[in-house]
Amino acid sequence: MPSGDRVLMHATAVAKDGCAVLILGQSGAGKSALALQLLALGCSLVADDQCEISYTDGALWVDAPEALPSMIEARGVGLLKVPLIGRTKLSLVVDMDNLASDRLPGEKTMEISGQRIKVIEKFEGPHFPAAILLYLTHMFSG
């Protein structure tokens, strides 16, 4: 991806300490539900439902499209007003369409506009949101 170009993705993104996770999946896969759990654990909302990805300064960045409202969908509750934090460095992707089956999964990556990024597949366990939070707060420091 040439520097400065943007690609729009159907996804939700939250961030902690300057590191964002892009949550991908089909409608109903649990993107917003995982994001809500991460928000409750102290993350901030970058964007819900639509995310703009750009490549600048040697890194992928995620932001909300300009017209996106400052809200997140809570299935069964409605739209909730949540402030958006703006452009944040993309550090991780969670794939909500594929279920992790290995206890200690191998390294998985995907390409977003020519750049490789780590992917973690969905795991149906109560610790999954906390594990994603710990990944964001400790895997990219120092």
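## Two loop residues with positive phi

Ser113 is placed in the loop that links β10 (109-112) to β11 (115-122); helices (H or I, at least four residues) and strands (E, at least two) are DSSP runs, numbered from the N terminus. Its phi is near 50°, a positive value in a residue other than glycine. With 26% relative accessibility, Ser113 counts as partly exposed; buried denotes under 20% relative accessible area, exposed over 50%, and partly exposed the range in between (1.4 Å probe, protein chains only).

Asp17 occupies the loop between β2 (11-16) and β3. Phi of Asp17 is near 55°, again positive in a residue other than glycine. Asp17 is exposed, and its relative accessible area is 60%.

## Basis of the model

The model is predicted: local features need pLDDT of at least 70, side-chain atom pairs count only at pLDDT 80 or more, and totals for chains, interfaces and linings use all residues. Residues are numbered from 1 along each chain as its sequence is written, and side-chain values use heavy atoms, with hydrogens and water left out.

## Overall architecture

The chain contains 2 helices and 11 strands, arranged along the sequence as β-β-β-α-β-β-β-β-β-β-β-β-α. Its radius of gyration is 14 Å, close to the 14 Å that the globule rule gives for 142 residues, so the chain is as compact as a globular protein of that length. The radius is taken over C-alpha atoms, and the rule is 2.2 Å times the number of residues to the power 0.38. Along the principal axes, the C-alpha atoms fill a box of roughly 40 × 35 × 30 Å.

Of the 142 residues, 46% count as buried. Among contacts (heavy atoms within 4.5 Å) between residues at least 6 apart in sequence, 65% join residues at least 24 apart.

## Nonpolar cores

A nonpolar core is a set of buried Ala, Val, Leu, Ile, Met, Phe, Trp, Tyr and Cys residues joined through side-chain atoms within 4.5 Å. The largest such core has 22 residues, of which Val14, Val21, Ile23, Leu34, Leu38, Val94 and Ile132 touch the most other members. Two or more residues each come from β3 (19-24), α1 (31-40), β9 (88-99) and α2 (128-138). The largest share, 5 residues, is supplied by α2.

Beyond its neighbours within four places in sequence, Val21 is in contact with Thr12, Ala13, Val14, Leu38, Leu90, Leu92, Val93, Val94, Ile132 and Leu136. Another core, of 21 residues, lies apart from the largest one and includes Ala15, Leu24, Ala47 and Ile117.

The buried residues in α2 are Phe128, Pro129, Ile132, Leu133, Tyr135, Leu136 and Thr137. They pack against β2, β3, α1, β9 and β11. An α-helix has 3.6 residues a turn, so residues three or four places apart point the same way.

Ser54 belongs to strand β5 (residues 51-56) and is buried, with a relative accessible area of 4%. The C-alpha atoms of Ser54 and Ala29, which are 25 residues apart along the chain, are separated by 24 Å.

## Surface and charge

The chain exposes about 7600 Å², with carbon and sulfur atoms supplying 53% of that area; accessible areas come from the Shrake-Rupley method with a 1.4 Å probe, and for residues only the protein chains shown count as cover.

There are 12 positive and 16 negative side chains, and the centres of the two sets lie 5 Å apart. Lys and Arg count as positive and Asp and Glu as negative, whereas His and the chain ends are not counted. The place of a charge is taken as NZ of Lys, CZ of Arg, CG of Asp or CD of Glu.
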